[in-house]
Amino acid sequence: MLDIRLIREQSDFVKSRLTARGGGDETKIDELLQIDAERRKNETALQQLSAERNKLSKEIGAKRSRGEVADDLEARVRKIGDEMIDLTSRTNELEGKQKDLLLRIPNLPHGNAPLGKDAGANSVVRSWGEKPKLNGKVLDHVALGTKLKLFDLERAAKLSGSGFICFTGAGAKLERALINFMLDLHAREHGYLEVSPPFLVRRDCMIGTTQLPKFEEDMYGLENGELFLAPTAEVPVTNLYREEILAVVDLPKKFVAYTPCFRREAGSAGRETRGIIRVHQFDKIELVKIATPEDSYDEHEKLTADAERILQLLGLHYRVIELCTGDLGFGSAKTYDIEVWSPGQNDYLEVSSCSNFEDFQARRMNLRYKDADGKNRFCHTLNGSGVALPRLFAALIESGQQEDGSIRLPEILLPYFGEAKIDGHR
RNA sequence: GGUGAGGUGGCUGAGUGGUCGAAAGCAGCGCUUUGCUAAAGCGCCGUACCUCAAAAGGGUACCGAGGGUUCGAAUCCCUCCCUCACCGCCA
C-alpha cells in the first residue's frame with residue numbers, strides 16, 4: 001500500500017512511476033485524490049460537530065449534577081447528533097472506497113529498475129557455472145522421471161486432477177533430501193531462523209502480503225472465504241509480526257521456512273505446463289526478512305546470494321535476472337529472478353524470485369519498528385525462494401543424467417540422500 | 001463442539017453512565033541531591049487521524065472488533081473474534 005501522503009504531495013511523481021509499470025494504474029490517482037479531499041473535508045466537519053457535542057454534553061452533566069434541567073441543551077445536542085448521522089455514513093463510505101483503491105494500486109518500482117514493458121526488457125545481471133556436457137540422447141525430466149519411477153503424474157491426476165505431482169521411491173526421497181539440505185544450509189550457515197508455519201491463513205494475512213484483494217481468483221480459499229491455502233510461505237512468515245512494533249536492535253529478522261504452496265494458476269493452462277514445471281501444489285523453501293529501510297537493499301543482495309548458494313553447491317548452471325519495471329510483481333520495488341538451466345527444456349527455469357517490497361507490505365499489515373529516536377516507522381520486508389522445488393528437481397535430474405540411464409547426484413547431497421546416484425534398480 | 005471465566009497503555013492492575021485517554025505501581029527518559037556499582041525527590045512518558053506552509057497549538061477517535069441504547073459509553077445491550085480452564089471428539 002502506498003502512503004496516501006506521498007500520493008497527495010507528489011502525485012506527478014507517483015503517476016510517472018506507475019506509468020513505468022505499464023498497468024494503467026496511474027489513472028486511479030486522480031480519482032483517489034478526489035475521494036481523499038472530500039473525505040478529509042467531511043472528517044473535519046464531523047470532528048467540529050463532535051467537539052461541539054462533547055462540550056454541550058459536559059455542560060448538561062454539570063447542570064444535572066447541580067439538580068438543574070437542561071432541556072434546551074439536550075435538544076441542541078440531539079440536533080447535532082442527527083446532523084452527524086448522514087455525514088458519518090458518507091465519510092465511512094469514502095473511507096472504504098479510498099482503502100479499497102489504495103489496496104489495488106501496485107508499489108512504485110525502485111528508481112534504478114530498468115525501464116521496460118515486459119520480460120523482454122529484463123536484464124541478465126550475472127550467470128554462474130556452465131551448461132552440463134551431456135553425452136547421448138538428452139531426456140527431459142518427464143522422460144527421466146517416468147523411466148526411473150521418480151514420480152507418477154497419471155496417478156496423481158487420478159487423485160487430484162492435472163497439475164499435481166506424486167513423487168515415488170527415489171523421487172520422494174530426493175525431494176525430502178533437497179528440502180533438508182536447503183533448510184540446513186540457510187538455518188546453519190546463513191543464519192536464518194527456521195519456522196514451520198500454518199499452511200492455512202486468514203484473509204488479513206493474504207491482504208498483508210498483497211495476494212488479496214486483487215488476485216483472489218488465483219488462490220484456493222476455504223470456509224466462506226475466511227481461510228486460504230497459502231500460495232507461498234511468504235504469507236504466513238511475513239505476517240508473523242503483523243500489527244507489532246519491533247525493537248530496532250532485533251532487525252533484521254531472518255526466517256527460512258519449508259511449506260507446500262497452493263496455486264490455482266488460473267489462466268496459465270497450456271503455458272509451460274509440461275511435467276512438474278507448473279503445478280497447483282509444490283514444495284518450496286522460502287527466505288523472509290524484516291529489515292530497516294536503511295538496510296533493506298543490502299539485505300536484498302545478501303538474500304539473493306543466499307538463494308544462489310543452493311544452486312552453486314549443487315553445481316547447477318544458473319543466471320540472475322533483474323526484472324524491468326513492467327515485469328515487476330504487484331508489491332515489489334525491486335526483484336531478481338534466479339533461473340536454473342534445464343537441459344530438458346533447453347531453457348532457463350525460474351526457481352526463485354527475490355524481492356524487496358520496501359514498506360509496501362508493512363504498511364498493509366501495520367508492521368513497524370521503533371527507531372533510535374523512539375519514532376515508529378514502517379519496516380521493510382523482503383523475500384525470495386531458496387529455492388522452489390519441482391523445477392530444481394527437474395534441472396537436477398536432467399543435469400545429472402548419465403549415458404547408462406542413471407542419474408548422478410551432487411556430492412553435497414550424499415549425507416541427505418544416502419546414495420551417490422539414482423539407477424532405477426529400486 | 002459444549003460449559004465457565006476473561007480481554008483496559010511496554011508490563012502489572014484500578015475503574016460499572018458525565019469532570020476518564022483513563023488511578024496506582026513497575027519499566028523507560030530528563031533533572032536535582034548524595035554518592036564505590038545504588039538510593040531518594042521532582043518532572044516527562046500511548047497511538048492514529050484532522051487542522052496548520054511548518055513548528056507550536058487546537059481538535060477528533062481509540063479501553064479485543066463491529067453494531068445498538070443514551071444528550072453523553074471503558075462502563076448498559078446485541079453479534080463476532082481471541083485467550084484461559086474443564087468436558088466431549090479426534091491425528
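**Working chat**

Q: What kind of model is this, and how are things numbered?
A: This is a predicted model, where local features need pLDDT of at least 70, side-chain atom pairs count only at pLDDT 80 or more, and totals for chains, interfaces and linings use all residues. Residues are numbered from 1 along each chain as its sequence is written, chains are lettered from A and ligands numbered from 1 in the order in which they are written, and side-chain values use heavy atoms, leaving out hydrogens and water.

Q: Let's start with the RNA. Which residues are closest to RNA strand B?
A: The closest are E43, T44, S57, R64 and V77. A residue is near a strand if one of its heavy atoms lies within 4 Å of it.

Q: What share of the RNA atoms within 4 Å of the protein is sugar and phosphate?
A: Sugar and phosphate make up 72% of those atoms of RNA strand B.

Q: Which one gives the largest share?
A: That is α3, with 13 residues.

Q: What classes of residue make up the surface near RNA strand B?
A: There are 10 charged, 7 polar and 3 nonpolar residues. Ala, Val, Leu, Ile, Met, Phe, Trp, Tyr, Cys and Pro count as nonpolar, Asp, Glu, Lys and Arg as charged, and the others, Gly among them, as polar.

Q: New topic. How many disulfides are there?
A: The structure holds 0 disulfides. A disulfide is a pair of cysteine sulfur atoms within 2.5 Å. For C205, the nearest cysteine sulfur is that of C261, 15 Å away. For C261, the nearest is that of C354, 14 Å away.

Q: Are C205 and C261 buried or exposed?
A: C205 counts as buried because its relative accessibility is 13%. C261 is buried too, at 0%. Buried means under 20% relative accessible area, exposed over 50%, and partly exposed in between (1.4 Å probe, protein chains only).

Q: Now the sheets. What is the strand order in the one with 8 strands?
A: The order is β1-β9-β10-β11-β14-β8-β7-β2. This sheet is open, and its pairing is mixed. Two strands pair if DSSP finds at least two bridges between them.

Q: Which strands stand at the edges?
A: β1 (123-128) and β2 (193-195) do. Each has a single partner strand, so one side of each is left without a neighbour in the sheet.

Q: How does β8 pair with β7?
A: β7 (residues 253-262) and β8 are antiparallel, with 10 bridges. V256 stands opposite L287 in β8.

Q: And β8 with β14?
A: β8 and β14 (residues 380-388) also run antiparallel, joined by 7 bridges. A291 has H380 as its bridge partner in β14, and K289 has L382.

Q: Why is β14 called largely enclosed?
A: Because 9 of its 9 residues are buried. β8 (residues 281-291) is mostly covered, with 10 of its 11 residues buried.

Q: What about the sheet with 3 strands?
A: Its order is β6-β12-β13, open and with mixed pairing. The edge strands are β6 (245-247) and β13 (376-378). β6 pairs with β12 (residues 368-370) in the parallel sense over 3 bridges. There, L246 stands opposite Y369.

Q: Last one. How many residues of helix α12 are buried?
A: In α12 (residues 389-399), 11 of its 11 residues are buried. Among them are L389, F393 and I397.

How values were computed: Helices (H or I, at least four residues) and strands (E, at least two) are DSSP runs, numbered from the N terminus.
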